[in-house]
Amino acid sequence: MSTLPLFPVSTVGSWPRSQELLRAQREKRLGRIGDQEFDRVADAAVLDVLRLQEEIGVDLVNDGEQRRDNFYSFIAGKLSGVRLMTLAEMLEIIEDKAAFERILQTLDVPAYSISNPTCVGPIARRQPLAVDELRFVKRHTAKPVKVTLPGPYLMTRAMFVKEATQEAYRTKEDLAEDVARVLEEEIRDLVAEGVDFIQLDEPVLTELVFTQGRTRTFMCAALASTQDPTEELELAVTLINRVLAAAGDVRTGLHVCRGNWSRDETTLLSGGYQPLKAIFDRLTVRQLVLEYATERAGGLLAFEGKELGLGVVNPRTDRVESEVEIRESIEQALRLYPAHRLFLNPDCGFATFSNRPVNASSVATAKVRAIVGAARTLRGGA
Amino acid sequence: MVARKNLFEVGAPFDFDEEADHVTALEYCLGALGAELVGGVKRRAESRRMDVEHVEAVVHGELNDSLAAIGVVGAKGHPGIERISVSVYVSSGETEAELERLWREVLETSPLLRTLQVATRVEVTFQVAL
């Protein structure tokens, strides 16, 4: 990996898409344009995001997930045995419709705007999940590159819709085997292509501990009825560690947040990372990419031997955090972490769902610029 | 219920049991409001050959005093609907200005909405969400 400075700055992944790109995504979804035409628009958008990160001074860049409709359902286009199912379609087949309706109410988004990648047959990679994205970025930047992938537990939970999946996989544990295999293959390919940082996104872990098994998001819609959080967390640890092993010496991260689908903070989960600490301690991941910019995240915790990707700005507000505020957050973290183990980032993506960004690109730019400013000041004094 | 040549079943006037088998009269009322607005957008978009992919409404209703509705002695309020909120989402390739124009026409010509607006507080929002 290219050398990183102290307090490396990165984003968690998604960046707001332009109207042109959103329209291209829609046209592609409707079959009105092909891959080539879509790539023409998406390539230009990725280049814009790359140049912006370079201009701001981001140390570890990514493609802003510009080609993806959201952080995990894009896999439907890359895997065989997976079909995008609208929430309306899922409502038809889900047994516990009342629980599902509660989830829809929590979401604060139109049901049509979200599709769930649902397993409907044996899964395998038809094409790489993110290797093409990596290749394109590496061709256009000399900076270290981060690639984000949905984590194996999230993928399993999202894709296992009992009524649609059981013909291919009797249990979600059976499906998890193939999910892990797919991610292992992908990660090995990313490593071979020279990726610098692989981040797995596992937002569902907070669901398990903060909702006592009564999940609130579509990502767990199929399993909306009560699950045993302890068993689920065990499954998550096993899967994540298995997949991480494929990364070898490449730096890995695990991003865990409490939801990023709305600017209405009251609809998002709340609570510190303490209930997950024992789980995090057992993970072989090198870095935990965590949100800490809102009170909902609770107090800072020390995770022995791990790097911390410290969330220092809230991606969902118009107010841009000052460099002073950000420096104060970093200085607090320095009481628990040595400087060389601190990375800086926003709490989450700025547009987790492409059609429902939580902020405008201009605000996102100002926020990341403030992080870079704070990091540079601290580097000078470190 | 029979309406012209169509037959449909209605459950209790209202029901707080999530497992209740039938749609209540109150839910039909709120659902009808959402359907009126969604149908209004679709119909007008079709007649103008506008490119509208999805239309969806989320409707919430709130009683003034649910205790009054179930007949609790001493309930302080009344059983009527205190507030209705409707969010209508549309996915379309048209410009926002064109969609706003269409939406204003829908609002002006929706019988149920206009009636309910006289009787109670109705908050309606319209969002373009690709």
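Biologist: In which helix of chain A is A:Leu175 found?

Modeller: A:Leu175 is found in helix α8 of chain A; helices are DSSP runs of H or I with at least four residues, numbered from the N terminus. This is a predicted model, where local features need pLDDT of at least 70, side-chain atom pairs count only at pLDDT 80 or more, and totals for chains, interfaces and linings use all residues. Residues are numbered from 1 along each chain as its sequence is written, while chains are lettered from A and ligands numbered from 1 in the order in which they are written.

Biologist: What makes A:Leu175 count as buried?

Modeller: A residue is buried if 20 or more other C-beta atoms, placed from the backbone, lie within 10 Å of its own, exposed if 12 or fewer, and partly exposed in between. A:Leu175 has 23 C-beta neighbours inside 10 Å, so A:Leu175 counts as buried.

Biologist: Why are α6(A) and α8(A) called oblique to each other?

Modeller: Helix α6 (residues 152-159) and helix α8 (residues 172-192) of chain A pack at an angle of about 135°, with their axes 9 Å apart. Axes are lines fitted to C-alpha atoms, for helices over the stretch in contact, and angles run from 0 to 180 degrees between N-to-C directions. Under 35 degrees is roughly parallel, over 145 roughly antiparallel, 65 to 115 roughly perpendicular and the rest oblique. The two helices, α6(A) and α8(A), are therefore oblique.

Biologist: Which residues of α6(A) meet α8(A)?

Modeller: A:Pro152, A:Met155, A:Thr156 and A:Met159 in α6(A) meet residues of α8(A), A:Leu175 among them; contact requires C-beta atoms, placed from the backbone, within 7 Å.

Technical notes: Contact = placed C-beta atoms within 7 Å.
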